[in-house]
Amino acid sequence: MTFDTLVIGAGAAGLMAAIEAGKRGRRVAILDHGESPGRKILVSGGGRCNFTNRGAKPENYLSQNPHFVRSPLARYTPADFIALVEKHRIRYHEKKLGQLFCDEGARRILKMLLDECAAAKVRIIHACRITDVLRPAEGGFKLATNLGEFTSQTLVIATGGLSLPSLGATDFGTRIAEQFGLRLTPRRAGLVPFTMSAEWKARWSPLSGVSFDSEVVCGPARFRENVLITHRGLSGPAILQASSYWQPGMPIRVNIMPGQSAKDWLLGESRSAQSGLNTFAQRFPRRFAEAWLDPVLGAKPMKQWNRQDLDNTAAALSGWELTPAGTEGYATAEVTLGGVDTRDLSQKTMEAREVPGLFFVGEVVDVTGWLGGYNFQWAWASGFSAGQAA
Ligand SMILES: Cc1cc2nc3c(=O)[nH]c(=O)nc-3n(C[C@H](O)[C@H](O)[C@H](O)COP(=O)(O)OP(=O)(O)OC[C@H]3O[C@@H](n4cnc5c(N)ncnc54)[C@H](O)[C@@H]3O)c2cc1C
């Protein structure tokens with residue numbers, strides 16, 4: 001079982017790296033401990049796979065070295081992946097904000113990648129448990145597995161992040177990085193719902209399922225999308241995006257009247273004889289208004305609100321401050337922040353600077369995209385770069 005290139009991990013990044021290496025005439029095999037390839041692709045985008053984002057730019061990624069993504073993203077762009085999708089005559093649509101989804105479901109994107117693997121003569125070997133990765137004196141790599149020994153000249157690690165262990169996620173990639181002396185940046189769950197305190201939940205969890213347009217601010221980040229109340233706290237796209245910038249103890253600010261002046265709205269209503277609650281219920285779901293508004297103000301006619309009532313409420317509408325208790329963690333997170341430190345990788349090829357022949361691609365690397373197709377674009381781009389050299 002001797003190959004030119006071995007890729008560990010049959011996810012988005014590993015498949016792309018293998019296809020590209022295979023197209024160069026390399027004899028390539030992908031080893032995966034799962035029973036089938038691309039399991040995260042199949043569950044992605046609610047089963048429709050948000051396979052890229054037309055506008056993917058370095059600013060849409062988090063990393064300790066924000067410049068690292070520039071080169072791989074320029075080498076393989078969203079337009080390149082769209083061209084591949086179109087070559088396979090796959091129908092797709094833009095949902096919003098440049099996010100492209102497959103009309104025919106995620107399975108069709110996976111089939112496209114597997115067809116490309118077959119055309120490039122890539123072998124995919126499942127249920128392969130790797131127990132040891134060695135670097136023999138004569139060069140290359142030697143892998144001990146439950147299926148016997150594999151050897152190769154180059155080795156691509158594409159084992160992804162820690163999120164969704166139920167779909168086969170492991171820390172294999174970062175353990176191999178450590179074994180070969182590469183540095184790691186701290187890992188934590190990203191694109192993940194927030195959990196809230198027991199007191200907050202007692203008031204808000206009866207509203208579980210209610211969602212509303214918001215602008216959420218967390219540290220330097222600001223996202224305008226929906227927020228969803230859940231049994232455990234807060235979710236929805238704006239919250240998932242903010243979670244990637246959140247650190248324990250940090251408050252977030254939720255503007256529940258984005259793009260409008262809360263103060264102007266309240267001043268406009270300030271001569272009304274309607275109660276505060278009825279006024280708010282014209283603008284927000286009634287149950288939400290009941291939970292959000294101070295009951296004393298809710299019972300008062302608007303025309304009896306004094307200046308301070310108006311100012312305080314306007315400030316709270318545009319900057320409702322909440323401090324999450326934590327996140328739901330890797331069990332529900334879409335991604336893992338942190339990973340293999342990009343300082344130890346070549347920006348051009350994803351090869352370890354000090355270990356010739358060893359490459360890291362995809363989510364195992366300290367590069368994490370926003371919600372909206374950016375993470376797959378990183379997987380394709382980093383996989384492509386490695387596939388040109390591995
Ligand atoms: C529910 C969900 C929905 C998502 N939706 C989207 C979306 O619509 N758009 C988007 O851009 N991103 C989405 N993401 C993120 C995206 O799926 C990942 O960023 C992307 O799949 C990472 O690709 P990867 O190849 O690096 O890792 P993965 O796709 O995780 O692949 C890693 C592979 O390595 C294998 N592996 C792991 N450990 C070992 C081991 N020890 N030995 C052998 N094999 C191993 C795994 O079985 C797996 O096949 C979503 C994530 C989740 C969880």
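Visitor: Which helices each supply at least two residues of the shell around the ligand?

Guide: In this predicted model, those helices are α1 (12-23), α2 (39-43) and α14 (374-387), a helix being a DSSP run of H or I with at least four residues, numbered from the N terminus. Residues are numbered from 1 along each chain as its sequence is written, and side-chain values use heavy atoms, with hydrogens and water left out. Local features need pLDDT of at least 70 and side-chain atom pairs count only at pLDDT 80 or more, while totals for chains, interfaces and linings use all residues.

Visitor: Why is serine 275 called buried?

Guide: The relative accessible area of serine 275 is 17%, so the residue is buried, given that buried means under 20%, exposed over 50% and partly exposed in between (1.4 Å probe, protein chains only).

Visitor: Where is serine 275 found, and which residues is it in contact with, leaving aside its neighbours within four places in sequence?

Guide: Serine 275 is in the loop between α9 (262-269) and α10 (276-281), and, with those neighbours left aside, is in contact (heavy atoms within 4.5 Å) with Gly298, Ala299, Lys300, Pro301 and Met302.
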